[in-house]
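Have the coordinates open and follow along.

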Amino acid sequence: HTGKENSVLQDYLWEKYAIFLLFLPARAPEWNPMEQVWKSLVQRLRELPVNKCREVAKETGPHLSAYTAIEILSGITYDEVKQFYHGSGLVPQ
């Protein structure tokens, strides 16, 4: 595997859609910005008041987990997303 076939896809996606593919090394979660998102999600779940969970559970029933995740993820700001990338070392500070 030389990676040359990836360059064709990278070039196409960049030229057609302005999408930049970033290939991350295996077993390097600290370089993956998505890991920073999961970390933030878990931290915010831990900080969620139990009473609020009970109220939401009454409204959403079995969909509590999905509803809560959507609420938390939709509250992540653009600046936080930038920080996820900075925290991974992929984008200079």
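For surface patches, nonpolar side chains (Val, Leu, Ile, Met, Phe, Trp, Tyr) are joined within 5 Å, using residues with over 30% relative accessible area and no salt bridge. Keep in mind that this is a predicted model.

So which residues make a nonpolar surface patch? W14, F20, L22, L24 and W31 do, and the patch covers about 560 Å². One of these, W31, sits in the loop between α1 (4-17) and α2.

Now for the overall picture. The chain has five helices and zero strands, and reading from the N terminus the order is α-α-α-α-α. Of the 93 residues, 15% are buried. The chain exposes about 7600 Å², with carbon and sulfur atoms supplying 58% of that area. As for contacts, take those between residues at least 6 apart in sequence: 49% of them join residues at least 24 apart.

On to charges. Side chains of opposite charge can pair when their charged atoms come close. How many salt bridges does a search of the whole structure find? It finds one. The partners are E80 and R44, and their closest N and O atoms are 2.0 Å apart. E80 belongs to helix α5 (residues 78-88) and R44 to helix α2 (residues 33-47), so this pair ties together parts that are 36 residues apart in sequence.

The α5 helix has another link to α2. Its residues F84, H86 and S88 are buried, and the buried residues of α5 pack against α2. Just after α5 comes G89, which takes a positive phi of about 85°.

Aromatic rings are next. The count comes to one aromatic pair, made by Y12 and Y17. Is the pair stacked or edge-to-face? Edge-to-face: the centres are 6.1 Å apart and the planes make an angle of 80°. That label follows because planes over 60 degrees apart count as edge-to-face. Y12 is partly exposed at 44% relative accessibility, and Y17 is partly exposed at 48%.

Two more spots are worth a click. T68 lies in helix α4 (residues 64-74) and is buried, with a relative accessible area of 11%. Setting aside neighbours within four places in sequence, T68 is in contact with L45 and L48. S7, in helix α1, is partly exposed at 30%. From S7 to L21 is 14 residues in sequence and 9.6 Å in space, C-alpha to C-alpha.

Here are some of the accessibility values side by side:

| Residue | Relative accessible area | Class |
|---|---|---|
| T68 | 11% | buried |
| S7 | 30% | partly exposed |
| Y12 | 44% | partly exposed |
| Y17 | 48% | partly exposed |

Why does T68 count as buried? Its relative accessible area is 11%, and buried means under 20%.

Terms used
Residues numbered from 1 in each chain as written. Predicted model: local features only at pLDDT ≥ 70, side-chain atom pairs only at ≥ 80, totals over all residues. Heavy atoms only, no water. Salt bridge = Lys/Arg side-chain N within 4 Å of Asp/Glu carboxyl O. Helix = DSSP H or I, 4+ residues; strand = E, 2+ residues; numbered from the N terminus. Patch = residues over 30% accessible without salt bridge, like charges linked within 9 Å, V, L, I, M, F, W, Y side chains within 5 Å. Areas by Shrake-Rupley, 256 points an atom, 1.4 Å probe, with all protein chains shown as cover. Phe/Tyr/Trp six-rings, centres within 6.5 Å; stacked < 30°, edge-to-face > 60°. Buried < 20%, exposed > 50% of the residue type's maximum accessible area, 1.4 Å probe, protein only. Contact = heavy atoms within 4.5 Å.
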